[in-house]
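Dear colleague,

I am handing over the structure we spoke about, and I would be glad if you could look through it before reading my notes. The sequence and the model come directly below.

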Amino acid sequence: MINLLHINYCAFCKRLCFIILTLFIAQHALCQNVDLSKKITVNKTNSSIQELIEEISNQAGINFSYSVQIFSIQNNISFSIKNKSLEETLKKLSKKFDVDYKIVEKQIVLKKTTNKDNKPKIERYTISGFLKDRESGESLIGATILLKGTQKGTITNGYGYFSLTLPKGNYDIEFSYIGYIRERKHIELNNNIKINSDLQYNSEIFEEVNVETKEYIDEIEKAQVSQINIKPKNIANIPEFIGGAGLIKSLQTLPGIKVFSDGSAFFYVRGGNKDQNLILIDEAPIYNPAHLFGFYSVIIPDVTKDIKIYKGDIPVSMGDRLSSVIDIKTKDGNLNKFETNGVLNPFVNRFSLEGPIVKEKSSFFISYRHSNLKWIYKKAAPNLNLYFYDLNAKFNIKLNRNNRLFYTFYFGEDNLSNINAELAHFGINWRNFTSTLRWNHIYSEKLFSNTTLYSSSYNYDLSLAESENYKWISKIANLSLKTDFTYYSSPKHSLRFGASLNAHQFNPGNLNMNNINIPKIPEIKSEKSVLYFSSNRKISNKISYSLGLRFESCGNIGPTTVYGFDNNYNVNDTILIDTNKIFSVYSNLDPRINLKYQIDSTSSVKLSYGTYHQYIQLLSNSISPFTSLEVWLPSGTNIKPQSAHQYTLGYIKFFKNLNFEFTSDFYYKKMNNQIEYKSHANMLLNPLIEGELRFGEAWSYGAELMIKKTKGRCVGWINYTYSRVYKRTKDVNENKKYPAFYDRPHDFAVYLSYQISKRLGISANWVYNTGSAITTPVGYYTYNGSDIPVYGDENNDRMPDYHRLDVAMNYRLNKKVSRFQHRLIFSIYNAYNRKNPISLNFNKVKTKNGEYVVPANIYGTDRIVTTQKYLLGFMPSITYKFRF
């Protein structure tokens, strides 16, 4: 019985399949009875949709089934086709009126076109192009492109390029940039459009507005937290140090950034050490950003056009440091006319020239600066040779509408030496060099790429003996290739991805003394490969996010010598690495995420998290601003890559009626593999330098608050930062936690600028911060009649608090604005003559004539006294600037 049921069931299934197959073939055959090759000729103008379909139906001899409601346009339509098949006619009809057709039982059924989600298909096209300055042709970075009356839009990238994809239709587009006259264009978008727009600089605004933030309505800003945008004019208005307006001094006025002291280029960001900050000039790194031991900055405003400072949420495309990235874009050069400007000052002079090579197609920019210091020391030290200079150059050419090349060059040198050949030749010299070749390419309206080949180097030479060939030489150099892509999927979504290859060469400090046998410090090479990807999406008008991943793989390359150390830091192994052999490879995946919630049109909350790794480090156990014996080394067998995890919560609020902006950031950062040094570490000419290092962890937290006045005759900002940073290092301070040297709980800064008239303006800058943490004696004991200091916990005390007031007056000599402009700037550095110490000493005694000296072969009961050194007091200067 069961077998019978099984047979019947199988027979039933076979029959059912046969019936279904027969019906399918029959239906297909019926459909094919419609002659789709029949020729149709139609020419309709200002007709209704019913009239058009009726005409096609009559010529084809077939009925149509449809609802008029599926057509978005039902009257005043135009349709023309000549001697084409019915199939071609139906396809054109379908595309033009956004409908689908299907042949059912000798009739054609028309339905509204739907996609997989049953949503109507929408034709979309892309508006793309560049925004630039009308007079100079300089690209405008971070300019806004906005649909009038909406929140849809985009901003230009680092090369002034934008891409905006929208549904087919008519739009009013607004192009705007801070300090420029807003421009509007009406666009009929029915295909892809390229627009290169020129904006006119508003000179009247500049006379009354020195600082502006992005307008409060700019809700299309990327979800970026802990980012500061600086325009060159903002820095130029901050009171100068004897003719030198520069980036490093300006950093002291910004929240979350701590500068060491007078005459120092060291700065610290959110608990990170001085080597955890990356400074890029057109994508090439600068390893020493200072001239004259920090009194002057390598970066000057008149050479730059855009500066971005990332204190957290660092983009995955630039992630080689733990604490900050300062991304500097230099001027391209005027594409339309020649222009010269300069600075004359008793201490430093600068001249620059820019102009077109081929008008509107290629241009150049060259700037040269040289110190003028000899008149200061000529009588007191006639054999001294002290100077610095730098040269900036840039060339660019537009190959065609889709390709552009840029070449950037920088070289800077500092020298302090004895020029009397009869005396011993002692001196120091250091040099920075960068070179960058970039290629911009537009693959399509939505895909933009930039490929960069760059190199940079930093050399430090210390002359030690009678012959200038006796030198201690240290060097770091790199050669890198990077390609970066941006895909503008839609106004709410963009992708960024790329890769880079990096090669470094390190000389950690060797002494060149001809045939004298000096221990050789092994030189080393390293290479690093990077892949990165990020996605930026605006989910709604209130919520947006960014997700990113950065993969890094770094290894060292022979030939070199590697030393192994035991738990007591004694050498227990020596390994000779063969030529081109790769060793000590580290690979890491760094995720980055940020979220932004738009509370309303004037305020938002932002949250970010990021993981960071650093594969090169600066070894220096000196805190003196005048010690530049800098040794750079890569991560390797004994030095693991430094790492950090940072969490940040930010809030921003614009008060549009008052022209105020309030920003706040709260952060926590945990850092691993942080470097410290054993007591009395030997850092010079030591092949076993890695045995002098100690490793541990650090953590920092803080709050950064800033109020900025953005418009009007009086502008400026007030900021306050509370922050702490602690360390715990094996075999240091008995393994107990201690504050880092750069732990300064309180920082306060005020900058104000007031435009008295169109020709006269004044500005003032006041900074205050808690003194750095230092180690001081906790007691003394007497030995042979002298006091010997006894030290306790690491960094148990502090330097005196630092504060300083700078003032300046800016007077335009022109009565009217003309092509030739010149002005005088009177400035006073440290107006109330505050004596800010750079060091404290606990090893001196006071002699009978009132001098403080280090005791030597003195037997007695002289008491050790505390002494301090300071650099700068009241410093006035006058500067003449011109431009034509």
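What follows is a short account of what was found, taken topic by topic. Please keep in mind throughout that this is a predicted model.

I begin with a sheet. Five strands form an open sheet with mixed pairing, and their order is β14-β21-β22-β17-β18. The edges are held by β14 (227-230) and β18 (284-286), each of which pairs on one side only. Neighbouring strands in this sheet are turned against each other by 20° on average, with direction ignored.

In one of them, aspartate 332 is joined to lysine 305, with the closest N and O atoms 2.9 Å apart. This pair links distant parts of the chain, since lysine 305 belongs to strand β21 while aspartate 332 sits in the loop between β22 (324-330) and β23 (339-344), 27 residues apart. Aspartate 332 is buried at 3% relative accessibility, and lysine 305 is likewise buried, with a relative accessible area of 14%.

A second salt bridge brings together the side chains of aspartate 461 and arginine 431, at 3.1 Å from N to O. Because aspartate 461 lies in strand β29 (residues 447-463) and arginine 431 in strand β28 (residues 427-442), the pair ties together parts that are 30 residues apart in sequence. Aspartate 461 counts as buried, at 10% relative accessibility.

In a third, arginine 798 and aspartate 743 meet at 2.5 Å, N to O. Arginine 798 is in strand β50 (residues 797-798), whereas aspartate 743 is in the loop between β44 (738-739) and β45 (746-755), 55 residues apart. Arginine 798 is partly exposed, with a relative accessible area of 26%, but aspartate 743 is buried, at 0%. Elsewhere, salt bridges that share partners join Glu138, Asp282, Lys305, Asp332, Lys394 and Arg438 into one network.

Turning to the cysteines, a search of the whole structure finds zero disulfides. Cysteine 554 is buried, with a relative accessible area of 7%, while cysteine 714 is partly exposed at 35%.

Finally, arginine 728 lies in strand β43 (residues 714-729) and is partly exposed, at 34% relative accessible area. Its contacts beyond four places in sequence include Trp699 and Tyr738.

Terms used. Residues numbered from 1 in each chain as written. Predicted model: local features only at pLDDT ≥ 70, side-chain atom pairs only at ≥ 80, totals over all residues. Heavy atoms only, no water. Pairing = 2+ DSSP bridges. Helix = DSSP H or I, 4+ residues; strand = E, 2+ residues; numbered from the N terminus. Axes fitted to C-alpha atoms, helices over the stretch in contact; angles between N-to-C directions. Disulfide = S-S within 2.5 Å. Buried < 20%, exposed > 50% of the residue type's maximum accessible area, 1.4 Å probe, protein only. Contact = heavy atoms within 4.5 Å. Salt bridge = Lys/Arg side-chain N within 4 Å of Asp/Glu carboxyl O.
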